[in-house]
Amino acid sequence: MSSIPNNLQAVHAQIIAAARSAVRDPNTVILLAVSKTFGADAVIEAAQAGQRAFGENYVQEAVDKIAELRRDRPDLLLEWHFIGPIQSNKTRQIAENFDWVHTIEREKIAHRLAEQRPAHLAPLNVCLQVNISGESTKSGVTPEELLPLAQAVAAMPRLTLRGLMAIPEPAATFEQQRVPFRQLYQLYETLRAQGLPLDTLSMGMSADMSAAIAEGATIVRVGTAIFGKRT
Ligand SMILES: *Cc1c(COP(=O)(O)O)cnc(C)c1O
C-alpha cells in the first residue's frame, strides 16, 4: 500500500541501492522531502516516520506551514530548506525561517539574505544554483559566472556556502540523466580545488535520484515519490 511511511521506506531503499552500486556510503546521501503543496499533516506523518529535512518552493505557503508546525508540534525538530526561485522582497522571510537555501543565483540576493539573517540563528546554509543543461530552464548561473559568485558568497557573514544545486532537464535514460550531474560534480571539484570548502551537491529528484547519487549527490530532493502526485 502506498502511504507516506511506506514511500519513505522505498525511497531509502533506492538511495541505499544507488549508493552501493556507486561504492558510496549511503549515509553520505541526505534525503530532503519536498513537501510543497502538501499540508502540515503530511509533514507530521513523514516526521513521525523519521524524516527530518523538508524542502519548500513557495515562500508564503512555507512560512505558514512552518509557523503552524512550530506552534503545534514544537517537539518535532525539523530542518527547512528553501528550493524555489527567490524574489528580493521575500528574502527576509526566507532568512528568518529557513535553515538552508539551495537556489542562490545572484550576489544581490545573497547579500540581502546575509544582512537579514537574524543574529540569534546559526548562519544560513546556502547552495548556488547552476544552469547546467542550458536552454529551457532560465534559473541558475552559467558555469562561467560560478566562480566569482562563489567567492563573493563565501565571504559574506551570516551565510555558509555549502555547495551547488541544479535541476537538469528531464532525460530518458539513466546514462543520459548522469551527464548533467557529472558536469555539476566537475564544477564542484573545480571550486574545491580553488580552496572553497564545499561539502554539498544538491541534485536528483524522484525521477533521477539514482543517477544523481551515481554522480556524487549528497542531497536528493524528493517530492512525488514520498507524498504522491501534486495537483
Ligand atoms: C518540486 C521540486 C522537487 C521535487 O520534485 P519531484 O519530482 O516531485 O521529486 C525537487 N527540487 C525542486 C527544486 C523542486 O521544485
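**Salt bridges, helix packing and selected residues**

Trainee: Is E79 buried or exposed?
Mentor: The relative accessible area of E79 is 18%. Buried means under 20% relative accessible area, exposed over 50%, and partly exposed in between (1.4 Å probe, protein chains only). Therefore E79 is buried.

Trainee: What kind of model is this?
Mentor: Residues are numbered from 1 along each chain as its sequence is written, and side-chain values use heavy atoms, with hydrogens and water left out. Local features need pLDDT of at least 70, side-chain atom pairs count only at pLDDT 80 or more, totals for chains, interfaces and linings use all residues, and the model is predicted.

Trainee: How many salt bridges does a search of the whole structure find?
Mentor: Side chains of opposite charge can pair when their charged atoms come close. The criterion for a salt bridge is a side-chain nitrogen of Lys or Arg within 4 Å of a carboxyl oxygen of Asp or Glu. Over the whole structure, the number of salt bridges found is ten.

Trainee: How many residues apart are R52 and E79, whose pair links distant parts of the chain?
Mentor: R52 and E79 form a salt bridge through their side chains, at 3.5 Å from N to O. R52 sits in the loop between α2 and β2 (53-56) and E79 in strand β3 (residues 79-82), and the two are 27 residues apart.

Trainee: What is the N to O distance in the salt bridge of E56 and K65?
Mentor: Both E56 and K65 are buried. Their side chains meet in a salt bridge, with an N to O distance of 2.8 Å.

Trainee: Which residues do salt bridges that share partners join into one network?
Mentor: The side chains of R71 and D72 form a salt bridge at 3.0 Å, N to O. R71 is exposed, because its relative accessibility is 60%, while D72 is partly exposed at 42%. The network made by shared partners consists of E56, E61 and K65.

Trainee: What is the relation between the axes of α1 and α2?
Mentor: Helices (H or I, at least four residues) and strands (E, at least two) are DSSP runs, numbered from the N terminus. Axes are lines fitted to C-alpha atoms, for helices over the stretch in contact, and angles run from 0 to 180 degrees between N-to-C directions. Helix α1 (residues 4-21) packs against helix α2 (residues 40-48) at about 55 degrees, with axes 9 Å apart. Angles under 35 degrees count as roughly parallel, over 145 as roughly antiparallel, 65 to 115 as roughly perpendicular and the rest as oblique, so α1 to α2 is oblique.

Trainee: How many charged residues are in the contact of α1 with α2?
Mentor: Contact means heavy atoms within 4.5 Å, and here I4, P5 and L8 of α1 meet A42, E45 and A46 of α2. Ala, Val, Leu, Ile, Met, Phe, Trp, Tyr, Cys and Pro count as nonpolar, Asp, Glu, Lys and Arg as charged, and the others, Gly among them, as polar. The residues of this contact divide into five nonpolar and no polar, and the number of charged residues is one.

Trainee: Which residues of α3 make the contact with α2?
Mentor: The axes of α2 and helix α3 (residues 59-72) come within 10 Å and cross at roughly 55 degrees. The two helices are therefore oblique to each other. From α2 the contact takes A40, V43 and I44, and from α3 it takes K65, E68 and L69.

Trainee: What is the relative accessible area of T200?
Mentor: T200 lies in strand β7 (residues 200-202). Not counting residues up to four places away in sequence, T200 touches W100, C127, R162, G163, L164, Y188, T218 and I219. T200 is buried, with a relative accessible area of 3%.

Trainee: What value is phi of R158 near?
Mentor: R158 is in the loop between α6 (143-154) and β6 (159-165), and is partly exposed at 25% relative accessible area. A positive phi in a residue other than glycine is found here, near 70 degrees.
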